[in-house]
Amino acid sequence: LHGSADGNWGNPMNWTSNFEIAKKAKLEAYKLLSNDSEISVDLLYDLNPEMFIIVRLFRGMDKKVTAKEFYNSQRDSIIRFLSKGILWFELHNEPNLRNEGMWVSWDSGAEFSDWLLELIDLIRADFSALKLGYPGLSPGHKLIRGRYSADKFYLESKPALDSCDWVGVHCYWYNWVCNNPSNR
C-alpha cells in the first residue's frame, strides 16, 4: 500500500480511524514518503512485525534541482529511517512528469540517467547497505509538455536503471464501467 501522498505532513500515521481496516487487509508491504515521521515505522511494525517497508525519497522539483541538492535535502530522512532499520529507498517519483523534474532538471531519460547515477554515487558513498530503487514512472504515452513517454524514458535511462537494486512500477486503473454513464 502506498501511504499518504503528503507524508502526513511529517506527523506519525493516525491509525484510529483506519487501523481495523488496515488490520483486516493484512498489509504486508507499505511505502512511506521521506517527509513521513519515522514513528510511522513503529506503527506499521505494530500492525505486522514482518511488514516490508520502502521509503520514497522526494522533494519539490518546480525549479532545477541537481543530484547533489536532492541528496542534501534527503540525507537527514535517510538517517531517520535507517535508524528504524529501513534499507529500501525509491529514488524520486515519476521523473517523466513535468512537475517531477521533466523539462526542468532534465530533458530526456538520458539526462535523468546521468542525474540519477550521480545521486546513486552520493548515497552509496555514505550508505552502502541501502537498496536503491529506480523510481516508478508515470505510465503512458507522451503528453505535450506534461509527460514524456514512459517507454522512451526507460530506454533512454537504461544505465541508471541497470545501476539500481530494484525497479519501481506504477500501475493506474480507471473504472471505465462505473465512470461511463452509457455502461450503467
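Here is a short chat about the predicted model shown above.

Trainee: What should I know before I start clicking around?
Mentor: This is a predicted model, where local features need pLDDT of at least 70 and side-chain atom pairs count only at pLDDT 80 or more, while totals for chains, interfaces and linings use all residues. Residues are numbered from 1 along each chain as its sequence is written, and side-chain values use heavy atoms, with hydrogens and water left out.

Trainee: Okay! How many helices and strands are in the chain?
Mentor: The chain has seven helices and five strands. Helices (H or I, at least four residues) and strands (E, at least two) are DSSP runs, numbered from the N terminus. In order from that end, the elements read α-β-α-β-α-β-α-β-α-α-β-α.

Trainee: In what order do the strands sit in the sheet?
Mentor: The order is β1-β2-β3-β4-β5, in an open sheet with parallel pairing. Two strands pair if DSSP finds at least two bridges between them.

Trainee: Which strands stand at the edges?
Mentor: Those are β1 (29–33) and β5 (166–167); each has a single partner strand, so one side of each lacks a neighbour in the sheet.

Trainee: And how many bridges join β1 and β2?
Mentor: Five, in the parallel sense, with β2 covering residues 52–57. Leu32 stands opposite Val55 of β2, and Leu33 has Arg56 as its bridge partner there.

Trainee: Is β1 largely enclosed or largely open?
Mentor: Largely enclosed by the rest of the structure, because four of its five residues are buried. Buried means under 20% relative accessible area, exposed over 50%, and partly exposed in between (1.4 Å probe, protein chains only).

Trainee: Which strands does helix α3 lie across?
Mentor: Helix α3 (residues 67–82) lies across β1, β2 and β3 (88–91), and runs at about 160° to β2. Axes are lines fitted to C-alpha atoms, for helices over the stretch in contact, and angles run from 0 to 180 degrees between N-to-C directions. Contact means heavy atoms within 4.5 Å.

Trainee: New topic: which residues make the nonpolar surface patch?
Mentor: Phe52, Leu87 and Trp88 make it, at about 240 Å². Patches are made of residues with over 30% relative accessible area and no salt bridge; like charges are joined within 9 Å, and nonpolar side chains (Val, Leu, Ile, Met, Phe, Trp, Tyr) within 5 Å. A salt bridge is a side-chain nitrogen of Lys or Arg within 4 Å of a carboxyl oxygen of Asp or Glu. Accessible areas come from the Shrake-Rupley method with a 1.4 Å probe; for residues, only the protein chains shown count as cover.

Trainee: Where does Leu87 lie?
Mentor: In the loop between α3 and β3. Leu87 is partly exposed, with a relative accessible area of 34%.

Trainee: What about Lys26, buried or exposed?
Mentor: Lys26 is exposed, at 65% relative accessible area. Lys26 lies in the loop between α1 (19–25) and β1. Lys26 and Met51 are 25 residues apart in sequence and 9.7 Å apart in space, C-alpha to C-alpha.

Trainee: What is phi of His92?
Mentor: Near 85°, a positive value in a residue other than glycine. His92 sits in the loop between β3 and α4 (109–126) and counts as buried at 0% relative accessibility. Trp103 is found in the loop between β3 and α4; its phi is near 65°, a positive value in a residue other than glycine. Trp103 is buried, with a relative accessible area of 17%.

Trainee: Last one: how much of the chain counts as buried?
Mentor: Of its 184 residues, 43% do. The chain exposes about 10,200 Å², with carbon and sulfur atoms supplying 55% of it.
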